[in-house]
Each structure stands twice: as C-alpha cells, then as structure tokens.
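Colleague: I am new to this model. Please pick a single part and take me through it closely.

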Amino acid sequence: MSDANKSRSGRKGDGKVCRGQVMEWEGVQYRVLKRRAVDGLAMFTTDTHEVYLASLDGGLDPEWVPQSECGPPEK
C-alpha cells in the first residue's frame with residue numbers, strides 16, 4: 001500500500017472504508033452507515049476508527065464496531 005493512502009491518524013488504509021460500502025463482520029454482511037474516529041480518551045480504545053453497521057437482511061444491527069474487525073465480504 002502506498003503512503004498516499006495514509007489518513008490523519010497516520011495508519012495506512014484507514015480511509016478505505018466509506019459510507020454505503022458492504023462489509024463483513026463475524027461472518028455476516030452489513031452496510032456501513034457512518035464512520036468516526038475514536039477519541040484517545042475513550043474508556044475502551046480498540047481501534048482508531050469505528051464504523052456504524054446496518055444489517056442487510058433485516059436482522060439485528062451491531063451498531064458501532066471497531067473498523068479493524070470488519071473486512072470486505074468473502075466471495
């Protein structure tokens with residue numbers, strides 16, 4: 001990955017997730033509704049960014065999930 005993909009957090013690839021994108025989390029596909037940076041003062045900081053996920057099949061929405069736990073859907 002090139003340095004052109006660095007975001008404000010300094011981590012490569014942070015900016016690759018965008019609203020409307022389909023992601024997979026724990027084996028289920030979801031659509032990304034929002035993305036936010038995690039404040040350094042947060043009680044449980046597990047990642048620099050979180051994504052707000054919505055179910056594609058009408059199931060329960062997990063809501064805010066650490067971005068590093070999501071990935072592109074498997075084909």
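**A salt bridge and its surroundings**

Modeller: Start with glutamate 50, which is buried at a relative accessible area of 16%. (Buried means under 20%, exposed over 50%, partly exposed in between, using a 1.4 Å probe and protein chains only.) The model is predicted, so local features need pLDDT of at least 70 and side-chain atom pairs pLDDT 80 or more, while totals for chains, interfaces and linings use all residues. Residues are numbered from 1 along each chain as its sequence is written, and side-chain values use heavy atoms, without hydrogens or water.

A salt bridge puts a side-chain nitrogen of Lys or Arg within 4 Å of a carboxyl oxygen of Asp or Glu. That rule gives one salt bridge. Its partners are glutamate 50 and arginine 36, with the closest N and O atoms 2.7 Å apart. Glutamate 50 is in strand β3 and arginine 36 in strand β2, so the pair ties together parts 14 residues apart in sequence. (Strands are DSSP runs of E, at least two residues, numbered from the N terminus.) The C-alpha atoms of the two residues are separated by 5.5 Å.

Arginine 36 is partly exposed, at 36% relative accessibility. Leaving out residues up to four places away in sequence, arginine 36 touches Thr48, His49, Glu50 and Trp64. (Contact means heavy atoms within 4.5 Å.)

Now the wider setting. A nonpolar core is a set of buried Ala, Val, Leu, Ile, Met, Phe, Trp, Tyr and Cys residues joined through side-chain atoms within 4.5 Å. The largest one has nine residues: Val17, Met23, Trp25, Tyr30, Val32, Val51, Leu53, Val65 and Cys70. Beyond four places in sequence, cysteine 70 contacts Met23, Glu24, Trp25, Val51, Leu53 and Val65.

Strand β2 (residues 28-37) also runs antiparallel to β1 (residues 22-25), joined by four bridges. (Two strands pair if DSSP finds at least two bridges between them.) Valine 22 faces arginine 31 in β2. Two residues lie between the strands of this hairpin, where glutamate 26 has a positive phi near 55°.

How far to trust this? pLDDT is the predictor's confidence in each residue, from 0 to 100. The protein chain averages 78, and 72% of its residues score at least 70. Residues 1-13 fall below 50, and that stretch has 18 contacts in the model beyond near neighbours in sequence. Where pLDDT is low, predicted coordinates should not be read in detail.
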